[in-house]
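Here is my note on this structure. Please read it with the model open beside you.

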Amino acid sequence: MKNITVIGSGTMGNGIAHVFAQHGFAVQLVDMKVEALEKAIDTITRNLDRQLNKGAITDEIKQATLKNIKTGTDLANAVANAQLVIEAATENPEIKLGIFKQLSDLCGPDTILATNTSSISITRIAAVTKTPGNVIGMHFMNPVPVMQLVEVIRGYATTDTVTNAVMELSKQLNKVPVEVNDYPGFVANRILMPMINEAIYTLFEGVAGVHGIDTVMKLGMAHPMGPLQLADFIGLDVCLAILNVLYDGLGNQKYAPCPLLVNMVMAGHLGAKSGSGFYKYTAGSKELVVADKFSKG
């Protein structure tokens, strides 16, 4: 398996393309907009430079990695020779289902169709395809070039052959794959999102301020990043979407999103990507400053 197509050139898509290309795979990175693809290649180049400066790779590896990535906006052309297609589009069920319907018509019967979804049912996605046994989840962690884990999620129909192939492929990327079954949130987000939600409730109920909550979890629980800062990093809209999947799928009140989170998303305060969440973000600055809304907390 050498030909990989990645759909979506955002944070996760360009990270996945980067890792596969760095390990010698021929990667087709496809997106709807040329501008998005140009931005993705710029991001990959900067991340490779960061690895180069740290001595993690050589200049030869950097150049080979970039050479291994081709970009385009034509989905049919991008998947024509793919042995594995990884969808890394927006965490929206309708968008993902639409993509997999197209892939079912465009790809051969042996092509493995993977999704990088962090919470949406693999079984539901597979059901819109002609080859549900070939559909699987490959949930990479952000940032992809750095994080070791890949959750490999098998849907109701996913075959052992496909699961084993993806587990082995993940190891070829120097990742650690963990096989999990298809239930809402899988493992990572079923555990992580309730913790983030509870941290937001703790702020909402006035137990402590943003800095205090994150400091307790960093110094008391040895977390590298506090849950509120992590929520900003993930994107508060993404956190809300995942919590809604958990709440709808499991029907337990403990997964109900905190009203503060709902309000922040409606107001457009989505975290680092919007410039403001629980903290405020200024381009070029690494200083972590609590957002004005919560600075008196």
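1. **Ground rules.** This is a predicted model, where local features need pLDDT of at least 70, side-chain atom pairs count only at pLDDT 80 or more, and totals for chains, interfaces and linings use all residues. Residues are numbered from 1 along each chain as its sequence is written, and side-chain values use heavy atoms, with hydrogens and water left out.

2. **The first record.** UniProt lists residues 3-182 as "domain: 3-hydroxyacyl-CoA dehydrogenase NAD binding", in an unreviewed entry. Its positions follow the numbering used here, feature names are shortened, and annotations may be inferred rather than shown by experiment. Residues 3-182 are 43% helix and 22% strand. The end C-alpha atoms of this span lie 26 Å apart. Helices (H or I, at least four residues) and strands (E, at least two) are DSSP runs, numbered from the N terminus.

3. **The second record.** UniProt also gives "domain: 3-hydroxyacyl-CoA dehydrogenase C-terminal" at residues 185-281, again from an unreviewed entry. Here the chain is 62% helix and 2% strand. The end C-alpha atoms of residues 185-281 are 28 Å apart.

4. **Helices α2 and α3.** Two packed helices are described by the angle between their axes and the distance between the axes. Axes are lines fitted to C-alpha atoms, for helices over the stretch in contact, and angles run from 0 to 180 degrees between N-to-C directions. The axes of α2 (residues 34-53) and α3 (residues 59-67) come within 10 Å and cross at roughly 165°. The two helices are therefore roughly antiparallel. The cut-offs are under 35 degrees for roughly parallel, over 145 for roughly antiparallel, 65 to 115 for roughly perpendicular, and oblique for the rest. From α2, the contact uses Ile44, Thr45, Leu48, Asp49 and Leu52; from α3, it uses Asp59, Lys62, Thr65 and Leu66. Contact means heavy atoms within 4.5 Å. By class, the α2 and α3 contact has four nonpolar, two polar and three charged residues. Ala, Val, Leu, Ile, Met, Phe, Trp, Tyr, Cys and Pro count as nonpolar, Asp, Glu, Lys and Arg as charged, and the others, Gly among them, as polar.

5. **Helices α8 and α11.** These pack at about 115°, with axes 10 Å apart. So α8 and α11 are roughly perpendicular to each other. Asn189, Arg190, Met193, Pro194, Ile196 and Asn197 of α8 meet Cys239, Ile242, Leu243, Leu246 and Leu250 of α11. That contact has eight nonpolar, two polar and one charged residue.

6. **Helices α11 and α12.** Helix α11 (residues 236-250) packs on α12 (residues 259-266) at about 130°, with the axes 9 Å apart. That makes α11 oblique to α12. Leu236, Asp237, Leu240 and Leu243 of α11 meet Leu261, Val262, Met264 and Val265 of α12. The contact of α11 with α12 holds seven nonpolar residues, no polar ones and one charged.

7. **Arg190.** This residue sits in α8 (residues 188-204). Buried means under 20% relative accessible area, exposed over 50%, and partly exposed in between (1.4 Å probe, protein chains only). Leaving out residues up to four places away in sequence, Arg190 touches Pro184, Gly185, Leu246, Leu250 and Tyr255.

8. Thr5 lies in strand β1 (residues 3-7). Thr5 is buried, at 1% relative accessible area. Beyond four places in sequence, its contacts include Gln28, Val30 and Ala78. Ala21 lies in helix α1 (residues 11-22). Ala21 is buried, also at 1%.

9. **Backbone to check.** Most residues other than glycine have a negative phi, and most peptide bonds are trans. Asn174 has a positive phi, near 65°. Asn174 sits in the loop between α7 (160-172) and β8 (176-181), and counts as exposed at 55%. Phe186 also has a positive phi, about 55°. Phe186 lies in the loop between β8 and α8, and is buried at 5%. A cis peptide bond joins Asn142 and Pro143, with omega about 0°. Pro143 is in the loop between β6 (135-140) and β7 (149-154).
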